[in-house]
Amino acid sequence: MKSKSILKAILRTFASVAFTLFGLLLVTFIISRLLPADPVLAIVGDHATDEYVERVREQLGLNKPILVQFWIYFTNVLQGDLGQSIRTGQPIIEELANVFPATLELATIGTLVGVVFGIPLGVWAAINKDSWIDHVVRFFGLVGYSVPIFWLGLMGLLVFYAELDWLPGPGRLDFGYEDMIEPVTGLMTIDTLLAGETDLFWNALGHLILPATLLGYFSLAYISRMTRSLMLGQLSQEYILTARVKGVSEARIIWKHAMGNILVPLITVIALSYGNLLEGSVLTETVFAWRGLGLYITDSIFGQDMPAVMGGTIVVGAIFIIINMLTDLAYRVLDPRAK
């Protein structure tokens with residue numbers, strides 16, 4: 001019986017993922033067809049003859065019925081073919097594979113900053129509810145929500161790069177180092193270590209500090225606020241009062257009993273924050289000239305490269321689907337009630 005229930009849960013998960021992916025592909029396809037920009041004119045230019053335009057349209061299958069176009073698009077994506085970029089003529093899947101590690105590196109460090117500092121701050125605010133500590137933590141988080149991240153990025157570059165010269169400027173490496181590392185993982189800090197270039201590693205780490213800290217501040221603001229809210233809900237429960245009456249230490253009550261009960265929903269909070277950083281770091285990547293997924297999609301939009309925009313959108317959507325699936329699996333592992 002237990003094996004059957006596990007099998008049903010796995011089948012439900014895969015069915016949900018498949019249905020969501022299908023919906024994602026359908027929505028991106030519809031949006032691409034509703035946009036006024038003609039992909040054929042973007043390829044051949046405005047001065048091409050009508051005969052040449054029609055020939056290219058036929059080669060791309062854009063003269064076929066809309067359902068046939070969607071079926072071609074759907075089967076190509078399932079085979080890993082996201083088309084070719086109009087701007088570069090290169091396969092989009094290869095371009096996305098080149099830029100995604102930069103975003104992954106930036107978002108991962110930013111999320112770690114948010115978790116390491118956001119959870120303790122949220123707990124600290126909750127156990128000191130309505131005190132000056134609580135107000136300071138909440139104000140600190142409110143600033144992280146309210147101040148535009150591109151402004152923080154510009155101010156960070158102005159202060160720490162231009163004025164104090166404590167950190168390097170935009171980019172992932174100094175200009176003179178950019179072609180000295182052969183990409184292996186695409187993660188610059190790891191690739192420099194694999195190459196045994198310690199000087200380049202410290203240079204890459206220096207470039208990473210400021211943008212990752214800014215993203216971490218944004219993540220911290222969200223995680224600390226949600227941690228505070230979840231912790232307050234637990235601290236008002238009767239089992240907390242019972243533990244205090246029995247003489248259990250406050251640290252054990254907070255970090256074992258209360259934290260154990262908010263761990264499962266907190267995982268969802270962290271996962272959503274991570275997903276937002278993976279797809280929402282466009283402004284940060286633009287300010288810091290960080291050649292990642294967000295900047296790639298932005299450049300594709302300005303270049304009217306709709307196949308690249310659709311490919312990037314599919315990757316972003318797939319990231320959220322995978323994160324939600326992993327979160328659901330974590331629920332089943334950590335919460336016995338979900339088994």
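Modeller: Happy to, and burial comes first: buried means under 20% relative accessible area, exposed over 50%, and partly exposed in between (1.4 Å probe, protein chains only). The model is predicted, so local features need pLDDT of at least 70, side-chain atom pairs count only at pLDDT 80 or more, and totals for chains, interfaces and linings use all residues. Residues are numbered from 1 along each chain as its sequence is written, and side-chain values use heavy atoms, leaving out hydrogens and water.

With a salt bridge taken as a Lys or Arg side-chain nitrogen within 4 Å of an Asp or Glu carboxyl oxygen, the count comes to 5. One of them pairs Arg-172 with Glu-105, with 2.8 Å between the closest N and O atoms. Arg-172 sits in the loop between α7 (149-163) and α8, while Glu-105 belongs to helix α5, so this pair ties together parts 67 residues apart in sequence. (Helices here are DSSP runs of H or I, at least four residues, numbered from the N terminus.) Both partners are buried: Arg-172 has a relative accessible area of 14%, and Glu-105 has 7%.

Glu-250 is partly exposed at 38%, and Arg-244 is partly exposed at 37%. Finally, salt bridges with shared partners join Asp-134, Arg-138 and Arg-228 into one network.

Technical notes:
Helices (H or I, at least four residues) and strands (E, at least two) are DSSP runs, numbered from the N terminus.
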